[in-house]
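Here's a short tour for anyone meeting this structure for the first time. Have the model open and follow along.

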Amino acid sequence: TRGQSTMPFAEQHSKKYDAIVIGAGFSGLYMLYRLREAGFSVQVYEAAPDIGGTWYFNRYPGARCDIESIYYNYTFSEELLNEWEWSSKYAEQHEILNYINFVADKLDLRKDIQLQTRVTSAEYNEENQKWEIELENGSIVIATYFIPAVGVLSASNIPNIKGIDQFKGALYHTGEWPHEKVDFKGKRVGVIGTGSSGIQAIPVIAQEAGHLTVFQRTPQYSSPAHNHPLDSETIHKTKENFNEIRETMYTSMHGVPSSASTRAAVQDTPEERERIYEKAWQEGGLFSLLYTYSDIAFSPEANETVAQFIRSKINKTVHDPETAKKLMPNFYYGTKRPILNTDYFETYNRENVSLIDLRTAPIEEITPSGLRTSDLAYDLDILVFATGFDALTGPLLKLNIQGKNGVTLNEKWADGTQTYLGIATSGFPNMFMITGPQSPSVLSNMIVSIEQHVDWIIDCLAYLKEHEVEAIEANAEAEQMWAKQCKAIADMTLLSKTDSWYMGANIEGKPREFLAFAGGVGPYRQICDQVASKGYEGFTLL
Ligand code: N01
């Protein structure tokens, strides 16, 4: 952080805006649009050479969205909806990136976005109640409102494995994939990690590689995506009924227009359950299996029935019994994000693919020529890390944010995340997070949650302007209550019983806590609206 002496200089010479937004992904772009429409001066800084956020960086082979494309777009503009047409049920990364660019052009967003500009720190100046934001080139910009729209899965996690710097081959992380095509042809490729990214990339890489070795620590549940081109009738119907669909999305659990059955799995016969699971399996869809019964998310007994169903599918798909055994997941289904796949388990029937179970033989080190587990050494030309992200808090903590009394966000959250509604945090006035920790965020269709937060922030800023309020700050008591509520809801479900990135468990030293609001998108929206309608209850207006 900067010393006191730069402040008067900064005040005199820096550019000043009503709002500074960091990040030009789905959230930053919509925030920019709404701020501009509401008459605020705004500047967006984006570290990457182009817009797109997650969809700019995650261009690994097989990358596509697991929310149906017709629901994975902005909902605020009829015009945008009508002018865009998705080609398939689950859109590929490049198509989503094209959509983002289409929106940016249509709304003329680029003129307020400065690309290739990393923000290195942000500091709240209590004297003038302004944020001083430092850019990589050392310059400082000043804003009343500071809005980090930095995404929730944007801080890549490359595990600190011994010898990682020695590797002579090519090393990639799925979340920072290069623009030029990676040529796997004839190469010995290793993939570490079998989460959503690994499970999408593995079948595509396998088709091209000489040999692919998958290094798996935790086997995963995954069901077929059944992706297919969209027919014009589906598109037409969706557009025609979008107002109704949007309403259902807004009031739903996960931001998609479907919901869980009210039937309990434990009340059905095994035959009936099998029939229902089979139907959901054939339909595909991220939440299809989770929604078959009301008790899957809560009851270990009910959960085991669906877990067993998926295990039997894996068993039937994978020919080699030893490999099938290694692929059997055994945590509560749905306590990690469900995964859709295209030919993932089938890929293990290929001659050029082998699966290494790291639970029996952990990685000991990366060597110049490959990787060594406690069992064997593997020679590799290319090593792909599909090892995930420091989720939700990671991207915010990387920003070096300093609030009141010189307290940094890193200091404040060292023992656990504290937010009010996942939007604000006490000690950091006029800072707004979009889909931050302790909001539905990663448990939902992100775009629905992004729009809800941006709309709420805009209403809040309009209120502040109208009432001539200089600054708004979350109260410490309100955020303690909120953290308790988030924990209580997660603890009612099975979610907090599994070591997952939702729990911060994938990052060494990260506090162990459930990082999202699991009460659902609809109820959450109601809570936020109530807070606003009571004159921002739980906040202090300064
Ligand atoms: O990351 P992950 P991801 N040694 O954290 C393993 C979204 N997303 O990028 O489970 C060995 O899920 C780790 O093993 P374990 C989606 O929300 C969406 O795949 O920790 N292995 C795990 O297998 C998703 O949930 C889409 O034991 C190590 C894997 O790496 C989220 O992003 C597509 C290891 C990481 O899995 C993250 O998904 C892609 C180590 N040291 C992503 N460290 C779609 O929309 C980690 N692993 C479809």
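Predicted model: local features only at pLDDT ≥ 70, side-chain atom pairs only at ≥ 80, totals over all residues.

## Two hairpins in a row

Strand 4 and strand 5 make a hairpin with 4 residues between them. In that turn sits Gln129, with a positive phi of about 55 degrees. Strand 4 covers residues 119–125, and its pairing with strand 5 is antiparallel, over 6 bridges.

Now carry on to the next turn. Strand 5 also forms a hairpin with strand 6, again with 4 residues between the two strands. Here Gly138 is the turn residue with a positive phi, of about 95 degrees. Ile133 stands opposite Val141 in strand 6.

## The strand they share

How many of the residues of strand 5 are buried? Of its 6 residues (130–135), 5 are buried, so strand 5 is largely enclosed by the rest of the structure.

## A pair of helices

Next, find helix 2 (residues 26–37) and helix 15 (residues 446–466), which pack with their axes 10 Å apart at an angle of about 30 degrees. That angle makes helix 2 roughly parallel to helix 15. The crossing of the two is right-handed.

Who does the touching? On helix 2, the contact residues include Phe26, Tyr30 and Leu35; on helix 15, Ile447, Val454 and Leu461 are among them. The residues of this contact split into 10 nonpolar, 1 polar and 3 charged.

Notes: Residues numbered from 1 in each chain as written. Heavy atoms only, no water. Axes fitted to C-alpha atoms, helices over the stretch in contact; angles between N-to-C directions. Parallel < 35°, antiparallel > 145°, perpendicular 65-115°, else oblique. Left-handed = near helix turned anticlockwise from the far one by under 90°. Contact = heavy atoms within 4.5 Å. Nonpolar A, V, L, I, M, F, W, Y, C, P; charged D, E, K, R; others polar. Buried < 20%, exposed > 50% of the residue type's maximum accessible area, 1.4 Å probe, protein only. Pairing = 2+ DSSP bridges.
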